Amino acid sequence: MNQPSPSALHTSALTSLPLLARGKVRDNYAVGDDRILMVASDRLSAFDVIMGEPIPGKGVLLTQMALFWFDKLGHICPNHLTGEAPESVVAPAEQPQVQGRSMLVKRLKPILIEAVVRGYLAGSGWKEYQESRSVCGVPLPAGLTNAAKLPEPIYTPAAKAEMGDHDENITFERTVEMVGEELATRIRDLSIRIYREAAEIALAKGMIIADTKFEFGLTDEGELVLMDEVLTPDSSRYWPVEGYADALAAGENPPSYDKQFVRDWLEQAKVNGKAWDKTAPAPRLPQEVIAKTAAKYREALDRLTA
């Protein structure tokens, strides 16, 4: 593996707190029994496989972007932030691993539904549309093309998978079976509202949010809370406005601010002379792909917060 730059954190190693879990990107540590320290590493996952090479600075950018959006969207839905400094709960020597890339959050009961909202036809949605004129069971008009804006945002939930497995697309009816009609409806309606408001804010900054996914949890009192990350390039497809019309006309994927750059490279990557089968281990990312991906994340945050 290429030696990452000193600023890259592939895996955190805190010993002052018990490790709860390592996700694709985040390492979660228990802080008492009511809080969690979420450390965003520089790991990158594509096609549900973690790449061997980190993207330097990515965890800091993800965290700053999530904090931006939590602040903008607080009037719609409460979030899991405690407002306390993450550095305050680790040993002094461990603070550099935490600084700028962590959130100290309330411990919630997670709802095992990925609340996916799509405003444009892209990725797996475009593939499915070509076969069935629908996405995750939601019928769509004929004649749409790759990257086309949908008449209205659609809600296409997924069931959260175990680590290493692919999340499974499910129907809204299945979410009703999982959590009951009232909660399933509230999650759907909140998700669409958050997406609409965020898409408007991003568009004013010259960026299109093509699709995104949210995660929710419940407090002990049963309050619904927005949690995990929100509207980062890891959980959302961001396109710059410039270049979008040309890509749409050509039927191509628009230029993006997310890991689509890595996905596109992986789609043509060869392992032992054959196309990569999208199972671990992933092909080694070239330095150029790492650098360009890091620059994309940085540009997205700079543009959003300018």
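In what sense do β14 and β15 pair, and over how many bridges? I looked this up first. Strand β14 (residues 207-218) and β15 pair in the antiparallel sense over four bridges; strands are DSSP runs of E with at least two residues, helices runs of H or I with at least four, numbered from the N terminus, and pairing needs at least two DSSP bridges.

A note on ground rules: this is a predicted model, where local features need pLDDT of at least 70 and side-chain atom pairs pLDDT 80 or more, while totals for chains, interfaces and linings use all residues. Residues are numbered from 1 along each chain, and side-chain values use heavy atoms, without hydrogens and water.

Back to the hairpin. I found Leu-226 of β15 as the bridge partner of Phe-216. Five residues lie between the strands, and Gly-222 has a positive phi near 90°. I then checked both faces of β15 (residues 224-227): Leu-224 and Leu-226 on one side, and Val-225 and Met-227 on the other, are all buried (under 20% relative accessible area with a 1.4 Å probe, protein chains only; exposed is over 50%, partly exposed in between).

Next I visited Ala-142, in the loop between β10 (138-139) and β11 (149-155). Ala-142 counts as exposed because its relative accessibility is 65%. Leaving out residues up to four places away in sequence, I see Ala-142 touching Tyr-129 and Arg-133 (heavy atoms within 4.5 Å). Its C-alpha atom is 10.0 Å from that of Ser-132, ten residues away along the chain.
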